[in-house]
Amino acid sequence: MTKLCTDNFMMPTHHDSALHHVTGQTVFIDDMPEPAGMLHGAVYFSQWAAGRVKAFDTSKALKASGVAAIIDHNAIPGENQMGPVVADEPCLSDGTLLFRGQPLWLVAAETFEQSRQALQLFEVDVEEAPALFSIPQAVAAESFFGPARVIKRGHPDLEFDNCHHVVYGELFTGGQEHWYLETQTALCVPGEGKAMTVYASSQNPSETQAIVAEVLGVSLNKVNVIVKRMGGAFGGKETQANHVAAWAALLANHTGRPVKIRLTRDEDQLVTGKRHPFRSNWQAGFNNDGRVQALKINLFSNGGSSTDLSWAIMERAMFHADGAYYIPHFEVTGRVCKTNLPSNTAFRGFGGPQGMAVAEQVLSRVALITGLDTVEVRRRNFYSNELNTTHYGQPVERNPLEQMTNKLLLDADYTNRRIEATQYNLTHPNTRRGLGFMPVKFGISFTTSHLNQAGALVNIFKDGTVTVHHGGTEMGQGLNTKIAAVVASELGIPVRRIEVEPANTAVIPNTSATAASSGSDLNGMAVKDAVSKLRGRLASVACRLLSHSTRMIVSPSDLMFDNDSVTVEQRPEMQLPFTELVKEAYLSQISLSATGYYRTPGIWYDKDQGRGKPFHYFAFGTALAEVEVNLLTGDVKTLRADLLHDVGDSLHAAIDLGQIKGAFVQGLGWCLTEELRYDHRGNLLNFTPGTYKIPTIDDIPLVFNATLNPSGSNPGTIHGSKAVGEPPFMLALSVWLAVQDALRSIDPGKEFAFELPATHEKIVKWAKTLRENS
């Protein structure tokens, strides 16, 4: 076995696009030179939530300046369908209206402005129908996608009789807009015959390829999808990037000219799906020692108008409704509600945050009733070495939460700060301080088992430079930087000689989405497999050359790929520069190109039985947050946040820390400020940056400490690392819990209807209620 590079000098020091980003040279789809004859596409979206088009007239729009074409569902040569899992999402409506924002007509015009001006000339007469928008409305109407799903362990109904306390609760967790900086965009260029090249801002090139092929009525090999990068995605471009690609492809196919569609910010927010709102109710039984013995949870999500990924999201919520806690008797039921909203979709955490929030509400109630410290209650319920099996039957292995909690509380000086917060609250009637502790156990893998696979292609050129193709997509998270680090480590060459190419379905076929925090896990292992083949070939050439020049036998196990050379480990003077070795391999007619493949081993889940091993491993994290709440205005200042997160052996510490902090701040928005507001007709009222409040620099904790936990190598993963994209998002629940802690100081022991997000308006209302009743 040849040895690998351990020289940090060879590794990347920053994100591969960092310089281009800060100098304005980064090219996104809308920055690409426009192909000759390119048209701009626009979509006429339904302004009605339910009903049917009775009559319409597009003649004025068709005669408008610059308009080249207007098409409807009748112009689709293939299937009028773009549902990623279930065929229940028409590409263009046939006149039946299911939600505000449903696409009805496509317009192609010479300029962006002309395409939008044409939309104003449509005349449409609609017969409206009653619509459902909220979870309670859907439940009352029994409007669901399929039957309920259940995961159960033990007998909670029987165990409740044996508990000292049995309590009930309900929790609403709101949706969330993805608010990626680059809106949904695609450029489609028709080729010879029926070929179509799609430049997409998509997390899932192969699925985009499949949807475009389906609507065009062509085979997959006629459609090539290329993804250089995205300006953010967060799950919002896992399935819904397919829409703009399909619409642009239909217009390009119809006109024979390249077509680009870029949604405006307002359009994007109005018509795309969000994080799923959840409404959950629960019953918990626990004893005076704070240990939960029995728990039943009913989860209801708002899926919107079509299935999309709602069931996979619900399943992950059910998997994570235990939080970080072992509950002997546990039953969780999930139902997805069908409503007349745009279909909700993937978002960072993929149901995990909604499930964990319920578990945390339960544990907070336990602490309230028993009078125990909120941190201590959580520690007493942690999974342990003895009690380490989840409600779906998977062992929680290599669990560092107890050690991480000890370290976090010590480093963050929890005990003294708890005393200080209590003293502060005694002397400040209009502001209150609170502390919140959040442990995270998050499963890593696609819960749809067959998606856990990846491919790669690595080419070494005669000058010793390398190009890497893999199935992942870069959306700012640093995947390509980590992939380059893997190659540099495996070949022992400087990262400056490695180029990671755009995702391309003609080069790496049948890829899975870059999602589920699995981008580095899957694609890193596939790239490693390809590089291992190349390293083996190069090692054979090196052994021949070194054995011949030194008249001694050199075997591959003697070699080390390091410092831009191949060296005999015990004889450092015996070495070959990497570039010379590559030239000799070429002259010896040795292939310098190799494919790689990886599939995650041992992943399975039986949905009917509610048992299996859906995750390759778990990532862990802990957070302690302190807030100051103004009871008169509802303003929340996060005074301090301490995060300790488990990433195994980090592939790139700076990028991992950036992901941890970024996820936490995005989670802050979900917990405190981002609230989707609809009127009685399903109109989204806050769809601009001025009315939809994403976190700003002012929301970042005043003291913000993030540390990688030294938990050691994670077996069976790329270089012993762990995924980092999604798990830190849930650490932001510590701030939500801190707000609850601050409000409880108004009337200790009093429960109130706390929900998420805890916006300014809600905090003022809760504070007023607590003061009146105290």
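This is a predicted model: local features need pLDDT of at least 70, side-chain atom pairs count only at pLDDT 80 or more; totals for chains, interfaces and linings use all residues.

**Salt bridges**

I started with Glu 267, which counts as buried because its relative accessibility is 14%, under the 20% cut-off.

What does Glu 267 pair with? I found a salt bridge to Arg 116, with the closest N and O atoms 2.8 Å apart. The two sit far from each other in the chain: Glu 267 belongs to helix α8 (residues 265-271) and Arg 116 to helix α3 (residues 112-119), 151 residues apart. I checked Arg 116 as well, and at a relative accessible area of 14% it is buried.

Next I looked up Arg 418. Its salt bridge goes to Asp 741, and the closest N and O atoms there are 2.9 Å apart. Again I noted a link between distant parts of the chain, since Arg 418 lies in helix α13 (residues 414-427) and Asp 741 in helix α18 (residues 733-744), 323 residues apart. Are Arg 418 and Asp 741 buried or exposed? I get buried for both.

Then I turned to Glu 573 and Arg 571. They form a salt bridge whose closest N and O atoms are 2.5 Å apart. Glu 573 comes out at 53% relative accessibility, so I logged Glu 573 as exposed, the cut-off being over 50%. Arg 571 has a relative accessible area of 35%, so I put it down as partly exposed.

One network came up, joining Glu 675, Arg 677, Glu 755, Glu 761 and Lys 762. For the whole structure, my search gives 37 salt bridges.

**Helix α10 against α18**

Helix α10 (residues 352-370) packs with α18 at an angle of about 30 degrees, and their axes are 11 Å apart. Angles under 35 degrees count as roughly parallel, so that is what I call α10 relative to α18. The handedness I get for α10 passing α18 is a right-handed crossing.

Which residues of α10 and α18 meet? On the α10 side I listed Pro 353, Met 356, Ala 357, Glu 360, Ser 364, Arg 365 and Leu 368. On the α18 side I have Leu 733, Trp 736, Leu 737, Gln 740 and Arg 744. Sorted by class, this contact has 7 nonpolar, 2 polar and 3 charged residues.

Note on methods
Residues are numbered from 1 along each chain as its sequence is written. Side-chain values use heavy atoms; hydrogens and water are left out. A salt bridge is a side-chain nitrogen of Lys or Arg within 4 Å of a carboxyl oxygen of Asp or Glu. Helices (H or I, at least four residues) and strands (E, at least two) are DSSP runs, numbered from the N terminus. Buried means under 20% relative accessible area, exposed over 50%, partly exposed in between (1.4 Å probe, protein chains only). Axes are lines fitted to C-alpha atoms, for helices over the stretch in contact, and angles run from 0 to 180 degrees between N-to-C directions. Angles under 35 degrees count as roughly parallel, over 145 as roughly antiparallel, 65 to 115 as roughly perpendicular and the rest as oblique. A crossing is left-handed if the near helix is turned anticlockwise from the far one by less than a right angle, and right-handed if clockwise. Contact means heavy atoms within 4.5 Å. Ala, Val, Leu, Ile, Met, Phe, Trp, Tyr, Cys and Pro count as nonpolar, Asp, Glu, Lys and Arg as charged, and the others, Gly among them, as polar.
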